[in-house]
Amino acid sequence: MTPKPLEVVTQAAEVLEKLSGFHRERLESGAAFEDQHLSEQSGRADQQLLRDVQVATQALTDADLEPPIAHSLIERAILVRYLEDREILTDEYFDEVASKHSYTLGDTLDEGRAPDFGKPSRFIEFLADKSLTYGLFDQLAEDFNGDLFVTSTVEQECVTSAQLRLLMDMLQGAVNAVQQPLFLWAYDFSVIPTDLISSMYELFYREEVSEKKSSTYYTPAALVEFVLAAVLNGEALNRKPTVCDPACGSGIFLVDAYRRIVRHEMWREGKPLSSDRLRELLLSRVAGCDIDEAAIRLAAFSLYVAFLSYQSPQDIREAGPLPRLIHSGSANCGFAPLVVGDAFAPREGEYAPTQLEDLTYTGQLPWPVSGFDVVVGNPPWTEISESEQTRPEEWAKMLGRVIGGRNPSQLFLWRALDLLKDTGTAALLIGAKAMLNTTNTARLFREQWLQEVRLDHVVNFSNVRKDFFAKGVAPFMLLRFCHGDRLSNEMVVYETARSVTPGRRGSAALARLDRQVVSKASLLARHYLWKTYSAGSLRDDALVARLEVEDRLSNYVSGTPQGFGFQRPHGQQQGHATPQSMDGLPILSKFDSWGPLRQEWFEPAPSHVKYIPDERLFRGRRLLVRWGVSPKFGPHARLETDPVAFRHTTYSISLDHLTSWEGKIILATLLSSLGRYWLYMVSGSWGTWRDQVRMSDVLNLPVRLNPPTGEMIRRIEQVVDDLSHMSPQRRKGLAVTVPLEMKCLDDSIAELFELTDAERSLVADFWASQESDATLPLPVLDIAAGTEADLSSSRADGIRPYLKVLVRAWNRRLRGSGEFSWKVWRDAPTGVVAVVLETREIGQDYHFSPTGEETESWSAALRRLEVQWDVPQTRSILRYGVVRIVTDTAIVIAKRDEQRLWTATAAWQDADATTAQIMSVNRQ
């Protein structure tokens, strides 16, 4: 017997409830078997500690201590406090060190300076005496070895007793040590989250270099967890992988990878690992390098804490010295997992001697040429600014590898392939420009690189970049890939991350509705698809592909004057005197697409220009396009015939050789929702970073200058004339007056390009999704059930467009043998909507009057769905749930109550998805 729709939804909720406790990634990584304190997220206390660390380091540098030495001293102090709070360093240990220096402890702290509560620290007492402090560091270096307790002669000479006393006061929380009280004394250092160490790295690095030169942002734990979840799952961990991060920074990827490896081994063996086993895993399974010595020092710090956290104090004391983690550079020093060096330095035997002659490297990486099983990380995104060719660029040139625009992400994508074994997998967070840039060299890079790899998965995080990097502005992506066959044409999963509910900073959601599949061949042949799939779906791909066969604007303006306006120089000595051809010309600084030119759009003429512009750009009939993009609209454009000059932010295309109506059709196409949609879908920068369009995108605009009727020409001419004569007093904002005229323009251009109803909906829904209310709940539904006939009115608000498309699509599949009725169930408190389609005979009377019990049963089922259906990919990255179920007599679709999920375009997607389910069942 076929279950009823309510029973189906209830069963789906029950299944999700059972699965939620057995999240696959958590079990495969072994996280369920780790002590709770090791897996807790850092919270406000850690933010307070980071603030206090910043204040403390600032106080030390204000006391004339060089920043690198101050940072090293703070790091060492935190590590000692960690060992102390873990009870690895006992009172007896401190007493023994003190006795070696004939020092009696207990009288060093001034009465009233230390708080009356908080865990006491013997280390703080040592800071009262410089010789005792460094005697302790020397003893720790001897007993624990490692890389953090060894102090340089320079440091011991530079650090003064007064500076150590200042550090002691701050660790005590003495209010007179700095201008604001610190709480370092109250912090339990026995748990040091990796996030904290990474934050310290970002802080310290910015203090050691100028703010302008620093673009370093530590990778949040949520991203690290997400990246590693796929490449270090249970299946991969069973193969005992070696993991490399070629730009490891403070080591957050290496620490999480090491923890995953340890947890998995604990799970397999069913017991904690011995100190020797933990040491073996640390020294043999992870490796990283960075050009910044301070970063490597913090990476060692992080790995030491991870290594020690799995051992008891007694195990640690009995295990002997800590392993050395930082490679010394000596060939006979033995392997250490961390290297201070350039990731592009050669490995021993990697290149022929004749190749090495082309490189300026002085050292080698102590890594095997056979490579690693996994390469992960978040390498630099900022483009190289040095005037001379850098070592990574030398490396790429030597191997004949194309790099577009000196892009470091592209360099690391190439290097990751070299570091991988033939069967290895890489997962890198990269600057999105590497894949979105439309320059010729960027295209050449993608063509060459894609032929060398099998690209499995792309996640575009551009829309949520500020959720992860509060100060970062660069869009970024995750690419997961391995060595591939240049002749293969595998399918690539492309996902786009969307923002979650406002206020949940530091998290993102991967909506299942935003998961697409595209072939590698398509990404190779049509470079703009990297952008198209970040904003749309297979339907957008199809529409853009159809528009691609049209004539282009460039076909009609080839060889005509076109280019940017003048540019003001930084100083008169750097430019040229303004040419006479510009004398007397009004200077247009900005403009809108409608209304006459307004006085406030003009500016004074320049006395000098950086380059002499082409004077033909300032006269005759021409199309002016601003390359900057207005929010929720796009680039503004106008047709002008009066002489007027403008800056380099405006692009001019001469249309003198075309008729007046042809120019107006070109402008109408560019300004229409279809033209702006096309530009957004192919532009690498609009909607990702600088919100601008390249002029090559404008010149590639699809254009039809062969309207079927003169009436259509007159209609388009009229709407363009109406826009150009709009009174400034009428225009109080884009949303107030422009849509009335633009709607006529949109309809005319849609008719000109013969758009289907589905294509018109696709374009309209795209622009609606850009509005702030796209994620708001649906308006109140005036009817909750009916048939297709009940949706035949001209109203197109709320969920009606969705229902019209979905019901009509499925009624056509019945081919007259019946029809579908529809119901909408909604639970407003939890924000869940369900649409139910059920078969019925055509013409049969339809009445729907739900009982209170039925309504409450549906609300209860939807509430159960809402609690369980957000599948956690990590602790702060979710994949939004959606339910699509097809039975013999019904179709059930349940999603969040967001307007963007219940559009006509969404209905086409749901119709396709449910049809695919039926086809799959029939095949089985």
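Select strands S11 and S19 (residues 650-654) first: the two pair in the antiparallel sense over three bridges. This is a predicted model. Within that pairing, pick Gln562, whose bridge partner in S19 is Ile653.

Now extend the selection to the whole sheet. Four strands make up this open sheet, in the order S11-S19-S16-S17, with antiparallel pairing. Strand S11 (562-564) and strand S17 (637-640) are at the edges; each has a single partner strand, so one side of each is left without a neighbour in the sheet. On average, neighbouring strands of the sheet are turned by 20° against each other, direction ignored.

H28 lies across strand S16 (622-626) and S17, and runs at about 170° to S17.

Then check the length of the helix. The end C-alpha atoms of H16 are 24 Å apart, which agrees with the 24 Å that its 17 residues should span at 1.5 Å a residue. H16 is mostly covered, with 16 of its 17 residues buried.

The last stop is helix H14 (residues 252-269). H14 has 18 residues and reaches 26 Å from its first C-alpha to its last, close to the 26 Å expected at 1.5 Å a residue. Colour H14 by accessibility: the helix is mostly covered, and 15 of its 18 residues are buried. Finish on Gly270, which follows H14 and has a positive phi, near 70°.

Conventions: Residues are numbered from 1 along each chain as its sequence is written. This is a predicted model: local features need pLDDT of at least 70, side-chain atom pairs count only at pLDDT 80 or more; totals for chains, interfaces and linings use all residues. Side-chain values use heavy atoms; hydrogens and water are left out. Two strands pair if DSSP finds at least two bridges between them. Axes are lines fitted to C-alpha atoms, for helices over the stretch in contact, and angles run from 0 to 180 degrees between N-to-C directions. Contact means heavy atoms within 4.5 Å. The expected span of a helix is 1.5 Å times one less than its number of residues. Buried means under 20% relative accessible area, exposed over 50%, partly exposed in between (1.4 Å probe, protein chains only).
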